[in-house]
Amino acid sequence: MTDRYAVIGNPISHSKSPLIHKLFAEQTGQDISYIAIEAPLNAFSETVERLIREGYKGCNITVPFKFEAFRIANQKSDRAQTAQAVNTLKFEDDIHGYNTDGAGLVRDIEKNIGVNLKDKRILLMGAGGASYGVTLPLLETHCTLTVANRTAEKARQLAAAFKGVRASGYESLAGEQFDVIINATSSGLSNELPPLPHGIFAKGSLAYDMMYGRETPFMAFARANGAAIVADGLGMLIEQAAEAFYIWRGVMPDTRSVIKALRS
Ligand code: ATR
């Protein structure tokens with residue numbers, strides 16, 4: 001019997017997740033279906049309850065429901081616990097909650113882009129949910145991690161929640177250089193650029209935007225200011241999906257061919 005899965009968000013019509021999981025299923029021979037569901041903003045938990053009643057095996061969760069998904073999961077992975085957010089639910093006797101975003105980011109940078117993060121000076125921009133979701137997996141690479149945020153107090157709160165993170169405002173970064181700069185802000189949505197000082201990109205550095213689909217002002221700034229590699233977040237999207245697929249099915253799909261298919 002075909003096992004059913006879904007992604008729940010609002011809005012959801014542009015989600016690439018159904019295509020990604022279809023390609024994973026074809027490649028691994030797993031008998032699954034996967035659809036996109038737009039839950040009303042005030043009816044996330046009812047939507048999950050309906051899926052469970054209908055026999056779904058799990059779902060992915062995207063904006064704006066990751067915090068609510070954290071609340072309804074009654075078993076949580078360590079990464080979900082530290083992120084306080086869940087992007088993957090697995091329905092067994094309990095509702096199991098996971099967060100695969102950070103693992104997806106680290107795998108994309110290390111495996112696909114080929115940059116080993118150990119001992120690298122990383123600057124993470126933003127102190128919202130996207131940053132919380134990736135902080136622990138980044139720290140586990142043994143990098144040095146600085147978080148900068150427009151509202152400096154929120155960067156300080158994030159640093160206080162994770163041992164080993166340094167908080168900064170953007171102005172005080174002047175004169176410093178980083179090997180990897182990750183944009184986890186929503187600035188790209190409004191076509192804006194976090195106020196990064198010039199000269200911030202170290203020789204050979206990577207600029208990574210967690211957004212995908214178009215060139216953001218951050219990516220353009222990075223190209224003009226000496227970043228050696230500029231990447232968008234499509235690889236992260238596919239890698240976090242692969243981690244979810246593994247949690248559900250116990251099989252790790254090959255992501256390279258899927259990244260290639262979605263880029264072409
Ligand atoms: P998400 O869950 O996607 O992280 P969020 O919690 O709304 O969304 O956080 C958005 C992040 O992008 C915040 O860190 C925000 O900075 P503030 O805390 O100062 O609001 C950041 N952000 C949004 N627009 C920005 C801009 N134009 N320049 C710099 N940072 C920006």
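Let us start with a pair of helices: H1 (residues 17-28) packs with H10 (residues 256-263) at an angle of about 135 degrees, and their axes lie 10 Å apart. That angle makes H1 oblique to H10. The crossing of H1 past H10 is right-handed. Keep in mind that this is a predicted model.

Which residues bring H1 and H10 together? From H1 come Leu19, Ile20, Leu23, Phe24 and Gln27, and they meet Ser257, Val258, Ala261 and Leu262 of H10. By type, the residues of this contact divide into 7 nonpolar, 2 polar and no charged.

Pro253 sits in the loop between helix H9 (234-249) and H10. Is Pro253 buried or exposed? Its relative accessibility is 4%, so Pro253 counts as buried, the cut-off being under 20%. Leaving aside neighbours within four places in sequence, Pro253 is in contact with Phe24, Gln27, Thr28, Ala242 and Phe245. Two of these names, Phe24 and Gln27, also belong to the H1 side of the contact with H10. For a sense of distance, the C-alpha atoms of Pro253 and Gly204 are separated by 30 Å, and the two residues are 49 apart along the chain.

Now for the interior. In soluble globular proteins, nonpolar side chains tend to be buried together.

| Core | Size | Residues to find |
|---|---|---|
| Largest nonpolar core | 29 residues | Leu105, Leu138, Ile182 and Tyr208, those with the most contacts inside it |

Neighbours within four places in sequence aside, Ile182 is in contact with Leu105, Ile109, Ile122, Leu123, Leu124, Met125, Leu138, Tyr208 and Met210.

Finally, turn to helix H8 (residues 217-224), whose buried residues are Pro217, Phe218, Met219, Phe221 and Ala222. What do these buried residues of H8 pack against? They meet strands S7 (121-125), S10 (178-183), S11 (201-209) and S12 (229-231). After H8 comes Gly226, which has a positive phi near 95 degrees.

Definitions and conventions: Residues are numbered from 1 along each chain as its sequence is written. This is a predicted model: local features need pLDDT of at least 70, side-chain atom pairs count only at pLDDT 80 or more; totals for chains, interfaces and linings use all residues. Side-chain values use heavy atoms; hydrogens and water are left out. Axes are lines fitted to C-alpha atoms, for helices over the stretch in contact, and angles run from 0 to 180 degrees between N-to-C directions. Helices (H or I, at least four residues) and strands (E, at least two) are DSSP runs, numbered from the N terminus. Angles under 35 degrees count as roughly parallel, over 145 as roughly antiparallel, 65 to 115 as roughly perpendicular and the rest as oblique. A crossing is left-handed if the near helix is turned anticlockwise from the far one by less than a right angle, and right-handed if clockwise. Contact means heavy atoms within 4.5 Å. Ala, Val, Leu, Ile, Met, Phe, Trp, Tyr, Cys and Pro count as nonpolar, Asp, Glu, Lys and Arg as charged, and the others, Gly among them, as polar. Buried means under 20% relative accessible area, exposed over 50%, partly exposed in between (1.4 Å probe, protein chains only). A nonpolar core is a set of buried Ala, Val, Leu, Ile, Met, Phe, Trp, Tyr and Cys residues joined through side-chain atoms within 4.5 Å.
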